[in-house]
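User: I'm new to this one and would like a quick tour. Can you start with how you pick out salt bridges, then show me some?

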Amino acid sequence: MKLPKTTLATAASPTAGSVTPDDRIEQSRLAQRRADKWLIAGTLLMGANVPGILGLPLFLWGLRLLRQASKAGLSVRPIMVTLIGYLVILDAGLNLQGWILDMIGNHTLIYRVLYTAIGNVMDGGYFWHYNQLWIGGASAPGEKSWEWACILVVFPMRIAAAIAFLQMKRWGHQWLLVTCWFGVVIWVGYVMNMTEYADIRFAGIVFPVLGWWVFDVMYITPFLAIPYLHTVNREIFSDDEKSMSASNADVESSGESAGDDLPPGTTKQWAGMHNWLKRGIMVCLVGLVIEGAFTLPFLAVWYGYPTLSFRDICSELMKVRYSNESLECRYPYPFPGPPINGAPEGAGITTAKDQWGIQPVPQYPRLGFRELVRIHDQRIARQKAEHDAATPHP
């Protein structure tokens with residue numbers, strides 16, 4: 001999809017005396033809206049995890065349209081503002097999705113497989129005594145407190161601020177800065193929680209510590225956004241209804257960025273840093289898409305799919321988690337689940353093996369690649385042999 005040549009030529013031509021400032025603002029608005037349709041569609045798909053790989057090309061196409069419009073002389077949103085705004089929405093949306101499901105969807109089959117598998121691979125907080133709390137979900141110390149705080153306060157604030165930031169609102173820039181510092185607080189607090197309760201989080205885990213960092217390092221959005229938010233020229237943001245086009249046009253006409261061919265809001269002093277931040281943001285964006293698209297297929301294959309069904313994997317992980325071969329994953333679980341409708345799945349189970357001290361150390365074994373298949377087949381063979389031995393021969 002290309003911007004109309006007549007629009008681009010008219011905007012860029014110095015002899016187009018018939019083009020009024022209002023016409024130019026309208027052309028810029030239409031070009032921005034055209035690009036945003038692709039950017040929004042791409043972000044929605046990228047936030048859906050597995051389909052995210054389909055959303056990335058749509059998002060990149062939207063960036064291309066935006067760059068075309070900017071080169072044609074139209075006053076559109078700077079690329080850095082676009083990248084930061086949409087990445088913050090994607091980051092907060094993925095975190096909201098995961099933690100809301102841990103609150104209210106913890107007894108769905110796909111979630112019991114996906115998140116207990118993630119827990120067993122890289123973060124034992126989502127495997128140790130999973131679904132034993134009255135509300136269900138992760139039982140790791142402090143985890144539910146982080147979830148409540150971020151679901152009800154931090155992530156909705158970040159998404160609202162990012163939307164206003166993309167609209168080039170002054171308050172959007174201010175509040176995105178505030179909520180990004182909230183993100184730094186969350187990062188520091190969460191990493192310290194993981195460190196303090198390292199025995200619960202990493203004992204018996206397939207890829208302890210390193211696996212968690214590889215998975216979560218792509219969520220460092222606040223650390224990349226804060227330097228830009230502190231150094232961007234705030235004059236490009238306005239509370240005017242036509243803020244995006246009008247404020248960009250004012251900055252461009254002032255000659256602050258034009259002399260060095262810099263994007264609106266970027267001064268010569270910070271141009272190098274902004275370029276490096278842009279590269280880092282693109283790496284995080286692509287990383288989040290790849291992570292979301294391939295984590296579930298990777299975990300499914302690692303734990304035995306398609307030899308084992310999702311229900312089999314759920315049951316096998318439950319047997320390992322509670323050291324009890326008699327347990328089976330209940331499916332379907334009565335809607336709406338705990339705490340509204342009965343006790344959680346793990347309530348009353350006392351067979352889990354933990355070494356109790358200042359903090360418990362889980363004693364479940366570390367699972368290798370498709371080891372659940374071997375464990376499942378050996379148990380079935382043993383049970384068959386026991387049944388045959390107990391059956392009297394004629």
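Analyst: A salt bridge here is a side-chain nitrogen of Lys or Arg within 4 Å of a carboxyl oxygen of Asp or Glu. Keep in mind that this is a predicted model.

User: How are R29 and E26 placed in helix α2?

Analyst: R29 and E26 are three residues apart in helix α2, residues 21-46, so about one helical turn separates them. R29 is partly exposed, at 38% relative accessibility, and E26 is partly exposed too, at 35%.

User: How many salt bridges are there in the whole structure?

Analyst: The search finds 12. Another of them joins the side chains of E143 and R201, at 2.5 Å from N to O. That pair links distant parts of the chain, with E143 in helix α6 and R201 in helix α8 (residues 198-202), 58 residues apart.

User: Are E143 and R201 buried or exposed?

Analyst: E143 is buried, with a relative accessible area of 0%. R201 is buried as well, at 1%.

User: Which residues are linked in a network of salt bridges?

Analyst: D102, K144 and E147 are. Within that group, the side chains of E147 and K144 meet at 3.8 Å, N to O. E147 and K144 are three residues apart in helix α6, so they are separated by about one helical turn. E147 counts as buried at 0% relative accessibility, and K144 counts as buried at 11%.

User: Switching to pockets. How much space lies in the largest pocket?

Analyst: About 830 Å³. The lining has 35 residues, and N95, Y115, F215, D216 and Y219 lie nearest the centre. Helices giving two or more residues to that lining include α4 (79-104), α5 (109-121) and α12. The most comes from α4, with seven residues.

User: What is the lining like by class?

Analyst: It has 22 nonpolar, seven polar and six charged residues.

User: And how many cavities of 30 Å³ or more does the structure hold?

Analyst: One. The largest cavity has a volume of about 40 Å³, and its lining is R112, T116, Y130, C314, L317, R321 and E345. Three of those residues come from α13, the largest share.

User: Last topic, the surface. Which residues make the nonpolar patch?

Analyst: I53, L54, I290 and F294 make a patch of about 380 Å². Helices α3 (52-71) and α12 (271-302) each give two or more residues to it. L54 sits in helix α3 and is exposed, with a relative accessible area of 58%.

Note on methods: Residues numbered from 1 in each chain as written. Predicted model: local features only at pLDDT ≥ 70, side-chain atom pairs only at ≥ 80, totals over all residues. Heavy atoms only, no water. Patch = residues over 30% accessible without salt bridge, like charges linked within 9 Å, V, L, I, M, F, W, Y side chains within 5 Å. Areas by Shrake-Rupley, 256 points an atom, 1.4 Å probe, with all protein chains shown as cover. Helix = DSSP H or I, 4+ residues; strand = E, 2+ residues; numbered from the N terminus. Buried < 20%, exposed > 50% of the residue type's maximum accessible area, 1.4 Å probe, protein only. 1 Å grid on protein atoms, 1.4 Å probe; cavity = no way out; pocket = protein on both sides within 12 Å on 5 of 7 lines; lining within 4 Å. Points joined across faces, edges and corners; volume = space filled by probe spheres on them. Nonpolar A, V, L, I, M, F, W, Y, C, P; charged D, E, K, R; others polar.
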